[in-house]
Amino acid sequence: MRVGVLGGGITGAVIAKRLAEQGHEVLLYEAGPEIGGLVASHTVGGTDLEIYYHHIFTHETSIIDLITELGVDKDLEWIDSSVSVLSADGVLRSFSTPKDILVFRPIPFFSRIRMGAAGVLAPYLFRWQQLDHTPAVTWARKLMGKKAAEEIWDPMLRAKWGELHTEVPAPWLWARMRQRSRSRGKGKEKLGYIRGGFRKLYLALQNDLEAKGVKLHFDQPVQRVLTDGIKVHGVQTSAGIEELDHVVSTIPIPRLTSLLDEKVPASYRERLAQTEYMWVICVILTLDRQLTPYYWVNVADRSIPFGAFIEHTNLIPPSDYDGNHVVYLGRYFPPARYGEEAERLAQGNLNEIVGEWIEHLSRFNPDFDPTWIKKVIPFRTQFAAPVVRAGQGNRILPFATPVDGLWVATMTQIYPDDRGQSEGIHLAERCVQAMEPRLLP
Ligand SMILES: Cc1cc2nc3c(=O)[nH]c(=O)nc-3n(C[C@H](O)[C@H](O)[C@H](O)COP(=O)(O)OP(=O)(O)OC[C@H]3O[C@@H](n4cnc5c(N)ncnc54)[C@H](O)[C@@H]3O)c2cc1C
């Protein structure tokens, strides 16, 4: 069969790989210049570094297997993670080990015990489907008490969901707890990183696709998906029309919606139109010295205008980046229709927005001086993560669409899990399995 794959992020690339391995003729269309999608890179000190912070967890077997399959495992390192919390009292406290939790003073002693136990047991005591109409903020309070929710879980939800954090359903939090307890296992949490950047994995994947005969069309956004409303016929790009038996879309849902014409059943187009995504602004700062001793800081102080603080060179040494220390600051925010602040973040001058953030860095280290910063490299994207709401479990799209031969596989379909590369690979493999009966000659 002749199959077109839309999108060359991890999901599209793995779908293309598995279909080519089954002997199909595969054409992959990617709007950007190479395979990678959201795991795009920028060079810092001569080394590739993700524009959005990336690491993997020990339980993420789908990506570990792919890294091994493509021979990149020699560069995969597992490093002790170090997590802290910056509380409203301005103190940065370690939050990496059970002992750190036991001595974490902003939460009363018995709440700490309750929080630690609940974090480990909740994923086993509840089924996520029971929780799908309960807001995560409400569930966190019931489970762990008000103080623990306010100090730990609310900031984590705000960091990821901004103004929409009160609407996020409990299964998302449930899945995060399950993820953390699986990845911690019995010992200290280790995080995986490919020395020299995840781009090594994506270049290896690109070579593998080429070797398997996948036709890679880079810098070629698909402009239309051609259907008669009942069956898919192909795609249109700036290079012309390509006739295809099947089309698999892994591009963000709003992008796909804009490629479908009125022949596609209105009920399906309306269903797609309900899907929204969080934006993110993320800045790479290169500095001449260390800012904090931690890799990850949970920002519980609400007066700080960004939710993510990741000091990458506390995981990977600065020597990999020609001596530069690397810090990411990030803020997720909803689409512009959610108000003026969202609109300002989506449309405003990135350097001005990030300039405001930098003024807050002395909260992370009182000695901080702006002259420590060597470079400010900001990025913004519209499709960082699909928005999830109460009852999300009932809205998960199937891979098949009402148009025969048109398939959809995106991060909207992995709920209650959070989006990630490993989930993308697992999703790709499930999608190919769902397609198999329809791919027989
Ligand atoms: C700030 C941030 C931090 C993250 N941290 C981690 C982490 O630590 N660990 C982890 O595993 N994951 C992390 N992720 C998530 C991970 O990057 C994504 O889950 C994953 O890359 C999604 O892959 P995808 O293929 O589904 O989608 P994408 O990567 O979004 O790929 C979709 C592709 O479609 C292309 N496209 C769009 N329109 C068209 C068109 N018309 N025609 C052709 N192509 C088109 C785009 O250019 C893009 O390449 C993070 C993401 C962000 C934003």
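Which residue in β17 is the bridge partner of V297? In β17, V297 has F309 as its bridge partner, and I'll come back to that strand in a minute.

Quick housekeeping before that. What you're looking at is a predicted model, where local features need pLDDT of at least 70, side-chain atom pairs count only at pLDDT 80 or more, and totals for chains, interfaces and linings use all residues. Residues are numbered from 1 along each chain as its sequence is written.

Okay, domains. The chain is divided into domain 1 (2-54 + 198-275 + 389-439), domain 2 (97-184) and domain 3 (190-194 + 276-386); those bounds come from an automatic or database domain assignment. Taken over C-alpha atoms, the centres of domain 1 and domain 3 are 29 Å apart. Across that boundary, 17 residues of domain 1 are in contact with 21 residues of domain 3, and contact here says that the C-beta atoms, placed from the backbone, lie within 7 Å. On the domain 1 side, the elements giving two or more residues are β3 (41-44), β4 (47-50) and α8 (199-211). Helices (H or I, at least four residues) and strands (E, at least two) are DSSP runs, by the way, numbered from the N terminus. That side of domain 1 divides into nine nonpolar, six polar and two charged residues. For the classes, Ala, Val, Leu, Ile, Met, Phe, Trp, Tyr, Cys and Pro count as nonpolar, Asp, Glu, Lys and Arg as charged, and the others, Gly among them, as polar.

Now the seven-stranded sheet. This one is open and mixed, with the order β8-β7-β16-β17-β18-β15-β19. At the edges sit β8 (92-94) and β19, each pairing on one side only. Pairing takes at least two DSSP bridges between two strands. From one strand to the next, the twist averages 20°.

Back to β17, as promised. β16 and β17 run antiparallel, joined by three bridges, and β17 also pairs with β18 in the antiparallel sense, over four bridges. F309 has a partner on that side too, namely L329 in β18. And both faces of the strand are covered: A308 and I310 on one side, F309 and E311 on the other, are all buried. Buried is 20 or more other C-beta atoms within 10 Å of a residue's own, with C-beta atoms placed from the backbone; exposed is 12 or fewer, and partly exposed is in between. Moving along, β18 (residues 325-333) pairs with β15 in the antiparallel sense over nine bridges, and T286 has V326 in β18 as its bridge partner.

Two helices lie across this sheet. Helix α6 (residues 146-161) lies across β7 (83-86), β15, β16 (296-299), β17 (308-311) and β18, at about 100° to β16. Helix α12 (residues 350-358) lies across β15, β18 and β19, and runs at about 110° to β19. Axes are lines fitted to C-alpha atoms, for helices over the stretch in contact, and the angles run from 0 to 180 degrees between N-to-C directions.

There's also an open three-stranded sheet, β5-β9-β6, with antiparallel pairing. Its edge strands are β5 (56-57) and β6 (76-80). β5 pairs with β9 (residues 190-194) over two bridges, and I56 stands opposite G192 in β9. Then there's a hairpin, β12 and β13, with two residues between the strands.

Last stop, D132, in the loop between α4 (109-125) and α5 (136-144). Is D132 buried or exposed? D132 is buried, because 21 other C-beta atoms lie within 10 Å. Leaving out residues up to four places away in sequence, D132 touches P169, P171, A390, G391, Q392 and G393. The C-alpha atoms of D132 and P169 are 5.8 Å apart, although the two residues are 37 apart along the chain.
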